[in-house]
Amino acid sequence: MAKTLFITGASSGIGAATARAAAGDGWNVALFARSADKLSELAGELGDRALVVTGDATNIDDLQQAVARTADRFGGIDAAFANAGRGLDKPGTEAGDLDDIRGMIDLNVMGVILTARAVLPQLRKTKGTLVMTGSAAGRRHIAGSIYGATKWFVHGYAGNLAEEMREWGGRCSVVAPGMVDTAFFDKGAPDKLQPEDVAAAVLHMISAPERAAIREIFLMPQS
């Protein structure tokens, strides 16, 4: 029976690349994001292995309903990828827009917590793996970066949750890339990491044998 991966932020970039990689490796994939059109287009590409579950990663009701639909469709959830996140239109504690800052923190911090809250009951049944998208920005200090601080949270939370999940056989991991060629960067970054590179790391973590808990994969572009 095929295993199932639940992905937030699945409509583009790293999330979409991970969905393609997982489906190509025989996984069922539940695609969660706000953009129904983009998700439907991706699901059309992936075929019967894909399920579209639209919603907001900062809304616990949306997440719980999506998780329930996924488990009902595929019989359970073996792994989840808390990938949804964003940066700021204008960075800086003094210069940044406060509503923008609040929105980013809500998604990058609460969105990860809520995703974990929604999927953990299913992962406990399968002794599954939860992967979170961290960042190189969460492993070093960057002048004034509030975005980076949210990723420091992700790294700390993932480590703490890993200690909790291991009590019942589950695993929690962080994939921490440097610059990736996604829409996150307005002008792109074609000479840096590609979303497929990050997707391969996620697949490695969720496919590892039960004896191996890969807590973090830190990826940096060579150039």
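Helices here are DSSP runs of at least four residues, numbered from the N terminus. In this predicted model, one such run is helix H1, which covers residues 13-24 and contains Ala17.

## Ala17 and its surroundings

Ala17 has a relative accessible area of 5%, and because buried means under 20%, this residue counts as buried. When residues up to four places away in sequence are not counted, Ala17 touches Pro195, Glu196 and Ala199. Between the C-alpha atoms of Ala17 and Gly138, which are 121 residues apart along the chain, the separation is 22 Å.

## Aromatic pairs

The model has two aromatic pairs. In one of them, Phe6 and Phe32, the ring centres are 5.8 Å apart and the planes stand at 40 degrees, so the pair is described as tilted. Phe6 belongs to strand S1 (residues 4-8) while Phe32 belongs to strand S2 (residues 28-33), and the pair therefore ties together parts that are 26 residues apart in sequence. Phe6 and Phe32 are both buried.

The pair formed by Phe153 and Tyr157 is stacked, with 5.4 Å from centre to centre and 15 degrees between the planes. Both of these residues lie in helix H5 (residues 146-165), where they are four residues apart, or about one turn of the helix. Phe153 has a relative accessibility of 28% and counts as partly exposed, whereas Tyr157, with a relative accessible area of 18%, is buried.

Another ring has a charge placed over it: the charged end of Arg139 sits over the ring of Phe218, at 3.9 Å from the ring centre.

## The nonpolar cores

Which residues have the most contacts inside the largest nonpolar core? This core has 34 residues, and those with the most contacts inside it are Phe6, Leu123, Leu130, Met132, Leu161, Met165 and Cys172. Among the elements that give two or more residues to this core are S2, strand S3 (50-54), helix H3 (60-74), helix H4 (98-126), H5 and strand S6 (171-177). Helix H4 gives the most to this core, with eight residues. A second, separate core of 33 residues includes Leu5, Leu31, Ala79 and Leu219.

Phe6 can also be followed through its contacts, leaving aside its neighbours within four places in sequence; its partners include Ala30, Phe32, Val53, Leu63, Thr70, Phe81 and Val119. One of these partners, Thr70, is found in helix H3 and is buried, with a relative accessible area of 0%. With neighbours within four places in sequence again left aside, Thr70 is in contact with residues that include Thr4, Phe6, Ala30, Leu51, Val53 and Ile77.

## The second largest pocket and Lys127

The second largest pocket holds about 350 Å³ of space. Its lining is made by 19 residues, and those nearest the pocket centre are Lys127, Thr129, Gly169, Arg171 and Glu210. Strand S6 and helix H6 (195-207) each supply at least two residues of this lining.

Lys127 lies in the loop between H4 and S5. Most residues other than glycine have a negative phi. Lys127, although it is not a glycine, has a positive phi of about 50 degrees.

Met179 and Asp191 are 12 residues apart in sequence, and their C-alpha atoms are 9.5 Å apart in space. For Ala137 and Gly26, which are 111 residues apart along the chain, the separation of the C-alpha atoms is 32 Å. Which residues are in contact with Ala137, leaving aside its neighbours within four places in sequence? They are Ile142, Tyr147, Gly148, Lys151 and Trp152.

Terms used
Residues numbered from 1 in each chain as written. Predicted model: local features only at pLDDT ≥ 70, side-chain atom pairs only at ≥ 80, totals over all residues. Heavy atoms only, no water. Phe/Tyr/Trp six-rings, centres within 6.5 Å; stacked < 30°, edge-to-face > 60°. Buried < 20%, exposed > 50% of the residue type's maximum accessible area, 1.4 Å probe, protein only. Lys NZ or Arg CZ within 6 Å of the ring centre and 35° of its normal. Core = buried A, V, L, I, M, F, W, Y, C linked by side-chain atoms within 4.5 Å. Contact = heavy atoms within 4.5 Å. 1 Å grid on protein atoms, 1.4 Å probe; cavity = no way out; pocket = protein on both sides within 12 Å on 5 of 7 lines; lining within 4 Å. Points joined across faces, edges and corners; volume = space filled by probe spheres on them.
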